[in-house]
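Subject: Structure handover and notes on helix packing

Dear colleague,

I am passing on the structure below, together with some notes on what was found in it. Could you please read the notes with the coordinates open beside them?

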Amino acid sequence: MVVKKTIKEHRLIRHLSQQELSARSGVSIRTIQRLENNDTNGSPFVIKSLCKALDIPLDSFKNTHTQIDDKSLTSTKQLKYINFSSLLALFIPFSNLIVPAILYFSFRKFLFSEIDKEAALKIISFQIIWSAFTLVLIVFIPLFIQLVFGTSEIMDVPIFIWVYLLFLSLLLVITLSTAARLNQSKDIISFSPNLL
C-alpha cells in the first residue's frame, strides 16, 4: 500500500528545497509553490515530473485529485495541437498568430488545469513575439544590407525571403523542441515571456 503524503512532505523527506525539486523535475518553482499551497491540483505531466524527480509512484500524493487518465491525456494532446499549428506559417505566412489562438479558444474548456492553460498561452505568446521580430527584421535587415553592400538579392533571391526562411527554420526548431518538452513533462519555452 502506498502511503500518501503531500508534495511538500515528500520533498522535505528527501531534504530538497523547492529550487532543487524544480531543477530535478523541470517544473517551475511557482508551480511547486502553488501545488504545495493547494492553489492548484497540477496537470498530469507536472505530477508525472514531480513523481519521477522524487522517485515515487504516481498515486503517492494526497490532496491532489489529478488523475492520469484519458481525460488528462487529452489536455496534453490539445497542447500539442496548439503547438504544432504554429507550423502552418511554413505554408501561409504569419498564420501562426491566428490558428493557435483559434485552437486555444476552441480547446479552452478541455485544458483542465491552470498550468495547461498557462502553457497554451505561453505558446501563443511566443508566436506573437516571433512574428513581431520576424516582421521587423524582414524589413530592416534587407535595408541594412542594401545600404552597406548595395545589393538587395543573394543568388537572385530577395534578401527578405532569406531572412524569412531563416526565421521559419528557427520556428520549426523551437516548435519541435516544445513538443519534446511536452512529451518529457517539462516547462516549455522558458526563455520567452508570457504576454497574455
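This is a predicted model: local features need pLDDT of at least 70, side-chain atom pairs count only at pLDDT 80 or more; totals for chains, interfaces and linings use all residues.

Residues are numbered from 1 along each chain as its sequence is written, and side-chain values use heavy atoms, with hydrogens and water left out.

The chain as a whole

The protein chain has eight helices and two strands, where helices (H or I, at least four residues) and strands (E, at least two) are DSSP runs numbered from the N terminus. Read from the N terminus, the order of the elements is α-α-α-α-α-α-α-β-β-α. Of the 196 residues in the protein chain, 43% are buried; here buried stands for under 20% relative accessible area, exposed for over 50% and partly exposed for what lies in between, with a 1.4 Å probe and protein chains only. Among the contacts in the protein chain with a separation of 6 or more, 65% come from residues 24 or more positions apart, a contact being heavy atoms within 4.5 Å.

Helix α2 and its partners

Helix α2 spans residues 18-25, and its buried residues are Gln18, Leu21, Ser22 and Ser25. Seen down the axis of α2, these buried residues fall within an arc of 105 degrees, so they line one face of the helix; the arc is that of the directions from the helix axis to the C-beta atoms. The face of α2 turned away from the buried side carries the exposed residues Ala23 and Arg24. The buried residues of α2 pack against α1 (7-13), α3 (29-36) and α4 (44-54), and just after α2 glycine 26 takes a positive phi of about 80 degrees.

With α3, helix α2 packs at an angle of about 115 degrees, the axes being 9 Å apart; axes are lines fitted to C-alpha atoms, for helices over the stretch in contact, and angles run from 0 to 180 degrees between N-to-C directions. In this contact Gln18, Gln19, Leu21, Ser22 and Ser25 of α2 meet Ile29, Ile32, Gln33 and Glu36 of α3. The residues of the contact of α2 with α3 divide into three nonpolar, five polar and one charged, where Ala, Val, Leu, Ile, Met, Phe, Trp, Tyr, Cys and Pro count as nonpolar, Asp, Glu, Lys and Arg as charged, and the others, Gly among them, as polar.

With α4, helix α2 packs at an angle of about 105 degrees, again with axes 9 Å apart, and α2 and α4 are therefore roughly perpendicular to each other. On the scale used, angles under 35 degrees count as roughly parallel, over 145 as roughly antiparallel, 65 to 115 as roughly perpendicular and the rest as oblique. Here Leu21, Arg24 and Ser25 in α2 meet Ser49, Leu50, Ala53 and Leu54 in α4, and by class this contact has four nonpolar, two polar and one charged residues.

Helix α3 against α4

The axes of α3 and α4 come within 12 Å and cross at roughly 95 degrees, and these two helices are therefore roughly perpendicular to each other. Thr31, Ile32 and Leu35 of α3 make the contact with Val46, Ile47 and Leu50 of α4, which by class gives five nonpolar, one polar and no charged residues.

Helix α6 and single residues

In helix α6 (residues 98-107) the buried residues are Pro100, Leu103, Tyr104 and Phe107. They cover an arc of only 105 degrees around the axis, which puts them on the same side of α6, while on the other side of α6 Ile98 and Phe105 are exposed.

Glutamate 36 is found in helix α3 and, at 15% relative accessibility, counts as buried. Leaving aside neighbours within four places in sequence, glutamate 36 is in contact with Ile7, Lys8, Arg11 and Gln18.

Arginine 181 lies in helix α8 (residues 159-183) and is partly exposed, with a relative accessible area of 27%. The C-alpha atoms of arginine 181 and glycine 26 are 155 residues apart along the chain and separated by 9.4 Å.
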